[in-house]
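Keep the structure open as you read.

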Amino acid sequence: MELSLRRSTLARQRRRDLADWLRSLPYLAPSLIAFAIFVFIPLIRSVILSLYGTNPIGQMTTFVGLKYYRRLLTSPVYHNSLVVTLKFVLYTVPGVLIVSLILATLGNLRLKGISIYRIAFALTISISGATAALLFMFLYHPVIGVFNYLLSLVGISPIAWLIDTKWALFAVAVPRIWLQSGFATVVLLAGMQGISDELYEAARIDGAGFWQSWRHITFPLITPSLFFLLVVTTLSAFQTFTEVNVLTHGGPIDSTQVVVHEIYRNFYFNGQYGYASAQALVLFVIIMVLTIIQFGVIEKRVYYA
Amino acid sequence: MKDFTRVRRGAGKLVLYLMLTMAAIVMVFPLYTGVVTSFLGAENLSTYPPKVFPVELRWQNYVEATRQAPLLRFILNSFIQSSGVMISQLVFASLAAYAFAFLHFRGKQIVFLVFLSTMMIPWESTIIPNYLFIQRIGWDDTYMGLISPFMATAFGTFLLRQFFLNLPKDLHDAAIIDGCSNLRYLLTIVLPLSRPALGTLAVYSFLQTYNQYLWPLLITNQTNMRTVQIGIQMLQVFERESWQVVMAGVVTVMIPTLVLFIVANRQLIRGLTAGALKG
């Protein structure tokens with residue numbers, strides 16, 4: 001008796017679940033199908049592709065096992081691209097954070113006309129990587145470029161920004177810092193404006209000056225925003241492609257050959273789909289690990305209001 | 001009380017304005033020189049020192065830029081791609097967000113995690129199979145090829161879901177009991193009330209797509225299917241030393257996004273900071 005009752009409620013429960021699902025599925029299906037086709041299946045196909053040799057149009061021909069992964073371990077070209085990417089991260093991430101901290105601090109001042117300055121600081125959020133790179137390419141021009149002109153004013157001889165292996169990566173990083181600073185400033189300003197005036201007032205009564213208030217109130221309270229920016233700028237630096245493709249194509253002598261550009265060259269020009277897939281999956285793992293580390297280690301020290 | 005950060009002394013104020021202005025100049029400078037250069041004649045461009053102030057207004061550079069490369073066609077292509085992505089993201093995300101916010105079904109959390117995981121997978125790690133797939137089904141050099149991989153958006157779904165959750169839940173229950181279908185409730189109640197969130201997603205997805213680079217570079221080969229970010233480089237390749245023409249082209253393709261930035265500044269900033277607010 002009791003058993004059949006339970007069975008019937010279970011059956012009813014199951015019917016209700018099914019009805020719920022049938023009602024919800026039309027709403028979820030478009031996204032789920034699109035994700036399946038363009039995210040999940042490709043990810044699996046990437047793994048399979050990385051184990052196979054391919055013909056020139058990317059069809060898998062022979063199983064090669066972990067050959068490409070072994071090759072990654074020993075390839076100096078690939079190692080170089082990792083080092084270049086890491087350097088690019090080290091140029092751009094601190095660059096963006098420092099510039100945007102300065103801009104946001106200035107933009108947070110309560111002065112007449114401040115909104116115009118805020119717009120100027122945020123302007124780059126509408127600009128693309130490709131057009132930014134072209135704007136800077138002109139500024140880098142060895143003869144008519146403004147940068148070398150400014151250097152000449154302080155007596156420094158011209159620099160071949162995009163041709164000199166010592167400078168090229170830096171030159172590729174600058175437009176990226178410029179572009180992302182706009183976005184980062186917007187994020188930090190939003191964080192700063194969420195801080196209550198009472199805190200500042202209390203600090204002022206205690207005799208704190210501007211710098212002390214900034215150091216002990218503003219900075220700790222925007223650490224969540226800074227943390228978010230740290231994650232976002234690091235991940236996007238690892239995925240850099242556009243600026244490199246427009247400004248240097250990875251050159252001179254691979255000094256700006258970042259990982260994604262290396263992947264692009266391998267599959268798009270050299271037709272090495274399997275090898276490039278292995279590289280793309282290593283990038284995937286690097287990004288995953290970094291995200292986990294950043295969330296695990298740094299977030300503990302972040303102050304959440 | 002409120003004005004701790006307000007500076008009262010005149011001299012201090014002046015210094016702050018000076019710092020603000022210098023910072024603004026640095027941020028605007030690359031764009032500013034691009035605009036100035038786009039109006040220069042070739043003879044003014046090659047003189048030293050570089051012209052930093054507008055000395056002439058040569059509109060012919062813009063005519064020349066559109067003559068050397070089909071810039072208007074590129075802009076049209078980018079508009080079609082961006083509008084297509086925008087509209088489908090609005091539709092797909094509204095539907096999914098409605099299910100997450102208003103419907104009950106088992107395993108909601110698992111489906112939620114599936115959506116979330118798509119934000120963790122870098123686009124580059126799936127791009128080779130996607131490229132081969134689009135090639136195989138013959139969608140290279142088509143708008144479908146440009147649009148289809150970006151139709152679903154986890155970010156947009158979460159953005160709308162968050163907004164939907166703040167709408168009164170009682171209203172939904174009452175409407176359903178009164179025999180209003182879910183689809184009609186979504187269309188006649190939820191969406192009209194959610195205009196701010198929809199606007200944010202619309203502006204954000206349009207801008208992101210318009211500024212896309214790697215995907216259109218891979219799947220467009222014919223000149224007349226190129227999008228602006230790729231096509232603009234035709235000028236640079238053909239006319240390496242005609243920087244005034246290159247800059248005229250750069251300014252032309254930037255106009256839509258700059259206009260968007262000016263008229264939809266608030267939506268754009270809300271979209272960009274939405275990720276940050278989650279912490």
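**Where the chains meet**

In this predicted model, 77 residues of chain A are in contact with 75 residues of chain B (contact: C-beta atoms, placed from the backbone, within 7 Å). Local features need pLDDT of at least 70 and side-chain atom pairs pLDDT 80 or more, while totals for chains, interfaces and linings use all residues. Residues are numbered from 1 along each chain as its sequence is written, and chains are lettered from A in the order in which they are written.

- Helix α1 (residues 2-49) of chain A gives the largest share of chain A's side, 18 residues (helices are DSSP runs of H or I, at least four residues, numbered from the N terminus).
- That side of chain A has 54 nonpolar, 15 polar and eight charged residues (nonpolar: Ala, Val, Leu, Ile, Met, Phe, Trp, Tyr, Cys, Pro; charged: Asp, Glu, Lys, Arg; polar: the others, Gly among them).

**Two crossing helices**

- The axes of α5 (residues 129-139) and α7 (residues 168-193), both of chain A, come within 9 Å and cross at roughly 125 degrees (axes are lines fitted to C-alpha atoms over the stretch in contact; angles run from 0 to 180 degrees between N-to-C directions).
- G129(A), A132(A), A133(A) and F136(A) in α5(A) meet V174(A), P175(A), W178(A) and L179(A) in α7(A).
- By class, this contact has seven nonpolar, one polar and no charged residues.

**The core**

- The largest nonpolar core has 144 residues (buried Ala, Val, Leu, Ile, Met, Phe, Trp, Tyr and Cys joined through C-beta atoms within 7 Å; buried: 20 or more other C-beta atoms within 10 Å).
- α7(A) gives the most to this core, 15 residues.
- Y98(B), among the residues with the most contacts inside the core, touches Y27(A), F164(B), L186(B) and V190(B), not counting residues up to four places away in sequence.

Conventions
Two residues are in contact if their C-beta atoms, placed from the backbone, lie within 7 Å. A residue is buried if 20 or more other C-beta atoms lie within 10 Å of its own, exposed if 12 or fewer, and partly exposed in between; C-beta atoms are placed from the backbone.
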